[in-house]
Amino acid sequence: MKAFTYERATDLRAAVAAAAAPGAKFISGGTNLLDLMKLEIEQPTHLVDISRLPLQRIEAVGEGLRIGAQADNATVAADDRVRARYPLLSQALLAGASAQLRNMASIGGNLLQRTRCTYFYDPSTPCNKRTPGAGCSALGGLNRSHAILGASPSCIATHPSDMAVALVALDARLELLGASGTTREIALRDFHLLPETTPHIETVLLPGEMITAVVLPPPPSGRHRYRKVRDRASYEFALVSVAAILSVTGSKIEGARIAFGGVAHKPWRSLEAEAVLHGRPATLDTYQAAADAALAQAVGRGHNDFKIELARRALVATLVELGGAS
Amino acid sequence: MTPRGGTQKTSFNVNGTPHDLDLDTRTTLLDALREHLHLTGTKKGCDHGQCGACTVLIGGRRIVSCLTLAVMHEGDDITTIEGLGRPDALHPMQAAFVERDGFQCGYCTSGQICSAIGMLREARAGWPSHVTEDVAAPTIDLTDEELRERMSGNLCRCAAYPNIIAAIRDASGGDGA
Amino acid sequence: MIGKPLNRIDGPLKVTGRAVYTSEEWGVGQPLYGVMVEATIGRGRITRLDTSRAEAAPGVRGVITHRNAPRQQPPDPSASTYSRALPVLTGPEIHYFAEPIALVVATTFEQARAAARLVEVAYDVIEGRYDLAARADQTFSPKDIRGWWPTDSIIGDFDAELGKAPHQIDVTYTVPYELSLPMEPHCCLAVWKRDAVTVYTSTQIVSEARARIAATFGLSLDNVRVVARFIGGGFGSKLAVHAETMLAVIAARQLRQPVKVVATRQQVFHLAGHRPASIQRMRLGAAPDGRLIAFGHDTTQKACPTSDYIEQIGVTGRALYAAPFRRTTHRAVELDLPPAEDVRAPGEAPGLLAIECGMDELAYALDMDPVDLRLTNEPATHPESGLPFSDRHLVECLREGAKQFGWDRRPQRPATLREGRWLTGYGMAAAIRPHFQAASSAEVQLHPDGTATVRADMTDIGTGSYTILAQVASEALGIPVERVRVELGDSAFPAGAGSGGSWGATNSCSALSRACDALRDQVLAAVPDADRSAPGGLVELVAKHFPAGASATGSIPDMDKEPSFAAYSLASYGAHFVELQVDADTGEIRLRRMLGVFDAGRIFNAKTARSQLIGGMIWGVSNALFEEGSIDTRTGAFMNRDFAQYLMPVHADIPAIEAVILDGFDTRANVLGGKGIGELGICGSGAAVANAVYNATGIRVRDFPITLEKLLPHLPSQ
């Protein structure tokens, strides 16, 4: 770990100003940043600790919910309003990491965690994320956990968050505070970037810009389910996960939200699958057509070929669970 | 180039004892406990938040001490395994671990015990888990399946898992925390 | 007292964080911190090594490389694997990925870790050989294998008789690299005083560590003290000490200050050995009634130029089932990977995966109950040597296990029991593990106050040594167990064979039993005849006649000096039963319950023995479903080298597991009648899991671990 200076932020504006300096970074839970700093994959020269800024509140805004970015994962998962109205989010949070890590990690930090690609984590191997232009070792390497959607020849890493998958299905928006004090709001769906030729640029955040809150619109009607598929029963990143909300009246699908985790460089909202489901009868054929649509563009890289079929089956199984199969 | 960084003063309480430390900013809470305060009951198994051996309680909540900097804990109340009980005056959870043989080599044990105590507090607060059928249900039926899921952040290579769950089950009957 | 389910006597220290593990010894003063630098290529040569930036970094006290490392002795191949010299930093050649190339020592850990990254290295890379599957045809026949068993054992015309058998199985199983990965990383704290060094190191065998350090640095044994009072697990990976210990010893001498070196979790993957990956062909020929005619187990495994280690994968089958025509072989493929070492149940763990799955395949081919198939092939004597069994109750384990588990409720046809989305299956397998003995000694003192002290260089790696030794002394001396103080893990104490090979308990307890006998004889010989039957027994006699207390040492020899080991086949046995479920949609496998029934002679502590057996069973689950060291065949690196990527079970994976131990006493094993249990639990348990997966799904996966992508293409359509 390279040496750095540390300051505990007490003021929002001062924090973003401090973090805009070259080499500066925010730290909150630290669960991913320190992990990477120990390996010198992250090398900040100055840390701005924002964990004690007054951004922990979870509050109703109209029919929706506003979650402060410094609320920790465990508290949000356990919040009565989240559990009652956004069970998808609770389920996704609880499927992630361990209880200890959920107690530490902030909501903002969860969104900004970096890929667990084994080559990204090993500085002795070429990686376009660590060193742009160096090449991608996962292509032609061990890529069981890697992306099947939206990847590029530069990078086939996945985004590891469970929570973000639920949030993108819930149409969450992010409130951002810029280094100069300006605020803006964007859809989470537009926050993470696909790798293309610049996999080292992972989000649209500007230098010093901070996520201050996640805003949830009123929950769509329907049943929620976050289904995470992994080797062991707990404490493992997803091979594939599905966030689904399905609203069925009679036997007709009135509305659907579908997102996948573990398959792409970002939480993967599947508007294609939703379009297939909308207005159709809640049958196995419909679910399979939705899965076909969701994965039409999927590409395997060898060890991860199975994830295409796994994602398909996981989605169909989740829809059967939520909507039945008449 | 002059290296930036250096040391920074930090004060926190460990097991009720205040400590004023002047630490390299890079020092994790885990290394502060082990290498500076010589409280070696808290173990380093992976140093990356992947095993839970370094679990301690901060304000009663369980965290992994390897992925947090000591300087981030100004004013915090930290409880380590040494603060829970002594060999001649065991905490009920510690006693249950001995009785149920909830360990073999003992290296993950401090983390398991601190984690179990933090876990029971979470369950009493009604927090759901990944295996809770209805996350909106107001109370938790703390089945063995629930205990196992909630303790899954603590690896045990000796694989004392069934005994650990039995110990927690015993201790949760009384005043586990 | 022997056998009682006593709580561990070191338990209160461990659950309160007061047990002091190796690198936690603060009595020696403030150490310096050493951090290892590893090669980042799989094979080649260092062409440039610039330590100037590291040396100039804050707090750095020294950087040790091959250029300034002291001369060390070369290994003597005639010495035991784990005691022979282990010279480090011997030159610019790189033999395998992550071979240590430097140690950076600084005042603080943070300084050392940062400076370690400043060592600049350039290499000439040589193309290495890293892929076992791709080179599986380039085998050699090893001269020796672990345990000095014959490389091959061929009885009768195996091929011809197999060809004539009415039922034949010819299947190939592959087992991946597996690692021990104890929770405490390998570590060492070295302290020099003049010409003598005290080495606090995490080791299973104190005497071997001491011998290795002495041999490496040309020191006399008297000048090396090894201390290992509490060890955070070993599982074979701490039978030997590794580079971390050698580097700490070197640095502490050069810098004249204690030096602590703790491997990072990532470093452990290449620093300590692994179980070699293997390709195992099982050929079985049977009569329609299930009687085996031919038993064949041909094994091919990874080897490497820097080690002569060959795991005894094919040996297990030599003792398990009757069959007149037999063939078991070992072949190896040389790869440029780190040396392999023993991982819990070397030989049996991987061997039984193939043997016991192969037997399961045969049972289905014969349409026979897998338990009955095993009962049918129970031998009367050792199937190859013809030696009588000392005491073998495999049949009872199978029958008792089947009864207690409810084996008769199993689905007889695979893939026929479905509960909602879950496919349910039952599986079973047999367990066998040879019993060994190695020279060991122990000392006992009986003090005038009625307390006793036991001393041995034996280790407690979680096995319960402290507790069972206290139980043996308590019983032999007739004093309450609370009055026995046990001091272990110090080379200043009588030497033994340590913890490994499942022999630690029987070796050390037998030696202690003899020490207690000798003490009794000594006391009785010294006291007047009239006192010999004093009501207070030995304690009263010592109090009255031995004001300074009495002491005695006892020892046992190596097994080649014990006639019973030549006259009998000695082993422990067991049977595993598993019920699990497979998600019909995704192939996720979830264990539901598991039972093991074991026969290991006399048990010294029913509580700790049960724990150890359950732990072993879970290791089998882990081998079947999770563990795999993944090599990038382009570089020779274990890429999944942390606990997030190298998977082992967590709490949620392990439901109710029970271990039942049959009452026993093997008079041919040792004076106490006990046999090893440390590895018995893992033997066969993985195969029972794999067989249950087949029973649940009808899918036979022959490539371990059984991960969901191997089931997925064959699962029922949705």
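User: Which residues in H11(C) meet which residues in H12(C)?

Analyst: This is a predicted model, in which local features need pLDDT of at least 70, side-chain atom pairs count only at pLDDT 80 or more, and totals for chains, interfaces and linings use all residues. Residues are numbered from 1 along each chain as its sequence is written, while chains are lettered from A and ligands numbered from 1 in the order in which they are written. Two residues are in contact if their C-beta atoms, placed from the backbone, lie within 7 Å. Helices (H or I, at least four residues) and strands (E, at least two) are DSSP runs, numbered from the N terminus. On the H11(C) side the residues are C:Ser465, C:Ile468, C:Leu469, C:Val472, C:Ala473, C:Ala476 and C:Leu477. They meet C:Gly504, C:Ala505, C:Ser508, C:Cys509, C:Leu512, C:Ser513 and C:Cys516 in H12(C). In the contact of H11(C) with H12(C), ten residues are nonpolar, four polar and none charged. Here Ala, Val, Leu, Ile, Met, Phe, Trp, Tyr, Cys and Pro count as nonpolar, Asp, Glu, Lys and Arg as charged, and the others, Gly among them, as polar.

User: At what angle do helix H11 and helix H12 of chain C pack, and how far apart are their axes?

Analyst: Axes are lines fitted to C-alpha atoms, for helices over the stretch in contact, and angles run from 0 to 180 degrees between N-to-C directions. Helix H11 (residues 465-477) and helix H12 (residues 504-526) of chain C pack at about 25 degrees, with axes 9 Å apart. H11(C) is therefore roughly parallel to H12(C). Angles under 35 degrees count as roughly parallel, over 145 as roughly antiparallel, 65 to 115 as roughly perpendicular and the rest as oblique. H11(C) passes H12(C) in a right-handed crossing. A crossing is left-handed if the near helix is turned anticlockwise from the far one by less than a right angle, and right-handed if clockwise.

User: How do the axes of helix H2 and helix H5 of chain B cross?

Analyst: The axes of helix H2 (residues 92-99) and helix H5 (residues 161-173) of chain B come within 8 Å and cross at roughly 140 degrees, which means that H2(B) is oblique to H5(B). Their crossing is right-handed. From H2(B), the residues B:Pro92, B:Met93, B:Ala96 and B:Phe97 meet B:Ala167, B:Asp170 and B:Ala171 of H5(B). This contact has six nonpolar residues, no polar ones and one charged.

User: How is chain B divided into domains?

Analyst: Domain bounds come from an automatic or database domain assignment. Chain B has domain 1 (8-83) and domain 2 (92-173), and 22 Å separate their centres, taken over C-alpha atoms. Their contact takes 15 residues from domain 1 of chain B and 14 from domain 2 of chain B. On the domain 1 side, strand E3 (55-58) and E4 of chain B each supply at least two residues. The largest share of that side, three residues, comes from E3(B). Chain A is likewise assigned domains, namely domain 1 (5-46) and domain 2 (223-323), with 36 Å between their centres over C-alpha atoms.

User: How many residues of chain B are in contact with chain A, and how many with chain C?

Analyst: In chain B, 34 residues are in contact with 30 residues of chain A. Strand E4 (61-64), helix H3 (109-124) and helix H4 (144-150) of chain B each supply at least two residues of that side. E4(B) gives the most, with four residues. The side of chain B that touches chain A divides into twelve nonpolar, 13 polar and nine charged residues.

As for chain C, 51 residues of chain B are in contact with 50 residues of chain C. Helix H1 (29-36), H2, H3, H4 and H5 of chain B give two or more residues each to this side. By class, the side of chain B that touches chain C has 22 nonpolar, 17 polar and twelve charged residues.

User: What are the radius of gyration and the span of chain C?

Analyst: The radius of gyration is taken over C-alpha atoms, and the globule rule is 2.2 Å times the number of residues to the power 0.38. With 718 residues, a compact globule would have a value near 27 Å, and the 26 Å of chain C agrees. The C-alpha trace of chain C spans about 80 × 70 × 50 Å along its principal axes. Its secondary structure comes to 17 helices and 28 strands.

User: Which peptide bond in chain C is cis, with omega near -5 degrees?

Analyst: The bond from C:Phe704 to C:Pro705 is cis, with omega near -5 degrees. C:Pro705 is found in the loop between helix H16 (685-697) and helix H17 (708-711) of chain C.
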